[in-house]
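Here's a quick briefing to read with the model open beside you.

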Amino acid sequence: EIPQHSLPVIPDSTTSLALSGSYVSNKMINKLIQVHDKIFCCIAGSLADAQAVTKMAKFQLSFHSIQMEAPPLVKAAASVLKELCYNNREELQAGFITAGWDRKRGPQVYTVSMGGMLISQPFTIGGSGSTFIYGYADAKFKPDMSREECLQFTTNALTLAIGRDNVSGGVVHMVVITEDGVEHVVVPGDKLPKFHDE
Amino acid sequence: SEEEECEHQAESSSHSSDRTTIIAIAFEGGVVIGSDSRVSAGASVVNRVMNKLSPLHDKIYCALSGSAADAQTMAEIVNYQLDVHSIEVGEDPLVRSAATLVKNISYKYKEELSAHLIVAGWDRRAGGQVYVTLDGLLARQPFAIGGSGSSYIYGFVDAEYRQGMTKKDCQEFVVNALALAMNRDGSSGGVAYFVTIDKDGTDEKCILGNKLPTFFDE
């Protein structure tokens with residue numbers, strides 16, 4: 001139900017509308033879940049399912065990192081989510097974008113689809129609003145953008161998706177993950193960029 | 001012969017083309033209207049070079065989406081009605097008149113037909129205009145997109161459109177939008193057709209698949 005956007009190194013982001021039927025039950029919900037110090041997940045689909053899955057994944061990852069005596073790889077986090085999604089694909093209705101930073105490969109982005117497919121991409125979008133911004137994202141994405149460019153790209157893309165998708169909206173949450181740490185950026189609806197028809 | 005293939009209008013009428021991407025944009029002094037060229041029936045591509053831009057009059061074109069049969073029939077009927085109308089008034093018809101005729105058919109037969117035509121053209125009174133006639137409404141817009149491929153480019157067109165674009169800007173806008181939609185929509189593809197209409201006439205162009213703009217992952 002939400003457009004999501006994920007880029008290497010940088011913003012992991014989402015909008016914050018939560019719906020029960022057609023009633024908006026929460027306009028400020030944060031759909032970015034931290035599953036480890038430098039690994040975050042964007043959730044889409046049934047929020048209940050997504051929260052249950054990420055809670056389980058968080059536990060498994062913290063156990064894994066104790067055993068390995070090192071922070072988990074982003075790929076490991078994505079795999080954990082994938083196992084849960086694939087093995088329970090009949091019951092679950094949740095998709096994820098996993099993004100983060102690790103020492104082995106640096107910044108990475110993985111998509112775990114609703115059926116349990118796992119793929120790695122330079123950037124990815126998801127959720128109901130994402131269909132409207134495929135064209136924009138394809139046109140504007142360049143590899144190796146700077147932090148500011150990434151933030152701008154993400155904010156613009158989310159704003160455009162909110163503008164067209166009736167079930168996306170509220171506040172934009174972004175998380176910037178780098179080698180040095182994690183920073184949470186929140187942009188309220190009235191501070192979003194304006195396009196030609198506003 | 002590839003050029004000829006490109007401009008050939010195919011006859012297939014029983015296959016759906018709401019699997020398509022169509023776009024039209026107005027600029028000061030004219031319009032650019034464009035479409036992809038794929039007609040698919042289920043998983044097969046039945047025609048890969050179909051021109052979905054149909055002339056309604058000398059300087060008025062429409063872009064077809066929805067059921068190919070319904071759309072082509074509507075375009076033919078409106079073409080006939082416009083010919084009669086322009087003889088009666090003794091001058092070239094207005095774009096709004098063409099759009100109204102399309103709208104009348106769309107609205108009256110909205111249960112039976114499933115086609116959406118975007119009407120665009122130039123006339124002396126109001127210059128370049130683009131009208132949408134979806135579901136039987138009539139609305140003038142600075143630009144319009146339609147067909148299954150249009151969902152993927154809403155963000156792009158919202159971001160890229162600015163007031164006061166020149167003819168060349170508009171042509172690039174149309175070609176880029178079509179290329180992006182064709183890349184993502186399985187039901188759109190082939191070549192990109194576009195027609196530029198202004199006071200000096202109409203200019204039909206076709207861009208072959210390998211000459212379309214490419215993006216970061218190609």
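Two strands count as paired if DSSP finds at least two bridges between them. Helices (H or I, at least four residues) and strands (E, at least two) are DSSP runs, numbered from the N terminus. With that in hand, look at chain B: in E3(B), Ser35(B) is the bridge partner of Ile22(B).

A bit of housekeeping: this is a predicted model, so local features need pLDDT of at least 70 and side-chain atom pairs count only at pLDDT 80 or more, while totals for chains, interfaces and linings use all residues. Residues are numbered from 1 along each chain as its sequence is written, chains are lettered from A and ligands numbered from 1 in the order in which they are written, and side-chain values use heavy atoms, with hydrogens and water left out.

**The sheet in chain B**

- Chain B has an open sheet of five antiparallel strands, ordered E11-E2-E3-E12-E13.
- Strand E11 (143-146) and strand E13 (201-207) of chain B sit at the edges with a single partner strand each, so one side of each has no neighbour in the sheet.
- On average, neighbouring strands here are turned by 10° against each other, ignoring direction; axes are lines fitted to C-alpha atoms (for helices, over the stretch in contact), and angles run from 0 to 180 degrees between N-to-C directions.
- Strand E2 (residues 22-27) and strand E3 (residues 30-35) of chain B are antiparallel partners, joined over six bridges.
- H5(B) packs on this sheet, touching E2, E3, strand E12 (192-198) and E13 of chain B, and its direction makes about 165° with that of E2(B). Contact here means heavy atoms within 4.5 Å.

**The sheet in chain A**

- Chain A also has an open antiparallel sheet of five strands, in the order E5-E6-E7-E8-E9.
- Its edge strands are E5 (32-36) and E9 (118-120) of chain A, each pairing on one side only.
- Strand E8 (residues 106-112) of chain A pairs with E9(A) in the antiparallel sense over three bridges, and Thr111(A) stands opposite Ile119(A) in E9(A).
- Helix H1 (residues 47-68) of chain A lies across E5, strand E6 (39-45) and strand E7 (94-102) of chain A, at about 20° to E5(A).
- Helix H2 (residues 74-87) of chain A lies across E6, E7, E8 and E9 of chain A, at about 165° to E7(A).

**Where the chains meet**

- At the interface, 16 residues of chain B are in contact with 17 residues of chain A.
- The two chains bury about 1,600 Å² between them, 65% of it on carbon and sulfur atoms; buried area is the accessible area (1.4 Å probe) that two parts lose on being put together, summed over both.
- In chain B, the residues losing the most area to chain A are Tyr152(B), Asp158(B) and Phe216(B), together 38% of what that side buries.

**Salt bridges**

- The rule (a side-chain nitrogen of Lys or Arg within 4 Å of a carboxyl oxygen of Asp or Glu) finds three salt bridges across the interface of chain B and chain A.
- One salt bridge joins the side chains of Arg184(B) and Asp138(A), at 2.9 Å from N to O.
- Lys140(A) and Glu160(B) form a salt bridge with their closest N and O atoms 2.8 Å apart, and this pair links helix H3 (residues 134-140) of chain A to helix H4 of chain B.
- Over all chains, a search of the whole structure finds twelve salt bridges.
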